[in-house]
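Open the model in your viewer and follow along. We will go from the whole chain down to a single residue and back out again.

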Amino acid sequence: MARTILITGGSRGIGRACALHLARTEAAHLVLLGRDAAGLAATAEAVHQAGGTAETHGADVTDRARLAEVARALPPLHGLVAAAGISGMTPVDGDSDAFFDQILAADLTGPWNTVRAFLPRMGHGGRIVLVSSVLGRFGVPGYGAYCAAKHGLIGLAKALALELIDRGIVVNAVAPGWVDTDMAQTGIRQIAAATGQTEAAFRAQAEAAVPVKRFFQPEEIAHGVAWLLNPANTMQVGQCLNLDGGVVQV
């Protein structure tokens, strides 16, 4: 029997890659959530072509009422991947208050809302993965909101893991490094502009700082997420799996 796994941010990037990986490797049924209806439809079509099945639901992870509405319509869930999020610079000396609040709402409160809404659909043996970042391991100037949210997400995973393990639900997080996504390209443009470099020069600098000397494809991150979702993973509980090519070694 195919597992049913819900993925937020399923229209692009890591969320989309996770959906396609699970479709290819286990013919899973994917419940895809996001704000981009066309992107979700494209992911669903790709899931079908890869051997899985999919349903899509337009939802913003900051909208608790909408998440609850979607949850009521779903079959039992075997897994959940909280991959939706936004990024951007919030310099402390800038006009950043509104954007700071927006990032925390999407990247930290959003996963909390997601787990709260869909936990009643998940029974013993369920698996939850929260997608953090290497910026949840260290700080970057000008990215206070994003760093705070991603640090907080790791803490949330640890707390939820201990709270839910007696129900047979395993919770973990992943911390990807530089991944070739639209979000990463935006970050490259912003940091390059803030530091007076070309985008190519900053990317080269960023790649040089990674021990394996390159950025990653979303599909590579999906492999790590899939392991944490696997029922065979019974011992990795409340951990954050670094998927960064050796940048963080703790």
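Color the charged side chains. The protein chain has 19 positive and 21 negative charges, and their mean positions lie 6 Å apart. Keep in mind that you are looking at a predicted model.

Next, show the surface. How many of the 250 residues count as buried? The share is 49%.

Switch to the cartoon view. Count the elements: the protein chain has eight helices and seven strands. The radius of gyration is 17 Å, close to the 18 Å that the globule rule gives for 250 residues, so the chain is as compact as a globular protein of that length. Along its principal axes, the C-alpha trace spans about 55 × 40 × 35 Å.

**Stop 1: helix α5**

Select residues 144-164. This is helix α5, with 21 residues. From its first C-alpha to its last it reaches 30 Å, close to the 30 Å expected at 1.5 Å a residue. Now pick out its buried residues, among them Tyr146, Cys147, Lys150 and Leu153. Further along, Leu160, Ala161 and Leu164 are buried too. What do the buried residues of α5 pack against? Show α4 (97-118), β5, β6, α6 (182-195) and β7 to see these partners.

**Stop 2: helix α8**

Move to residues 218-229. Helix α8 has 12 residues and reaches 16 Å between its first and last C-alpha, close to the 16 Å expected at 1.5 Å a residue. Its buried residues are Pro218, Ile221, Ala222, Gly224, Val225, Ala226, Leu228 and Leu229. Which elements cover them? The cover includes the strands β1 (4-8), β4 (77-82), β5 (122-131), β6 (170-176) and β7 (240-243), along with helix α1 (13-26).

**Stop 3: Cys18**

Zoom in on Cys18, which sits in helix α1. Is Cys18 buried or exposed? Its relative accessible area is 1%, so Cys18 is buried; the cut-off is under 20%. Leaving out residues up to four places away in sequence, Cys18 touches Ile7, Ala222 and Val225.

Finally, draw a distance from Cys18 to Asn233. The two are 215 residues apart in sequence, and their C-alpha atoms are 17 Å apart in space.

Technical notes
Residues numbered from 1 in each chain as written. Predicted model: local features only at pLDDT ≥ 70, side-chain atom pairs only at ≥ 80, totals over all residues. Heavy atoms only, no water. Helix = DSSP H or I, 4+ residues; strand = E, 2+ residues; numbered from the N terminus. Expected span 1.5 Å × (residues − 1). Buried < 20%, exposed > 50% of the residue type's maximum accessible area, 1.4 Å probe, protein only. Contact = heavy atoms within 4.5 Å. Rg over C-alpha atoms; globule rule 2.2 N^0.38 Å. Lys, Arg positive; Asp, Glu negative; His and termini not counted. Charge placed at Lys NZ, Arg CZ, Asp CG, Glu CD.
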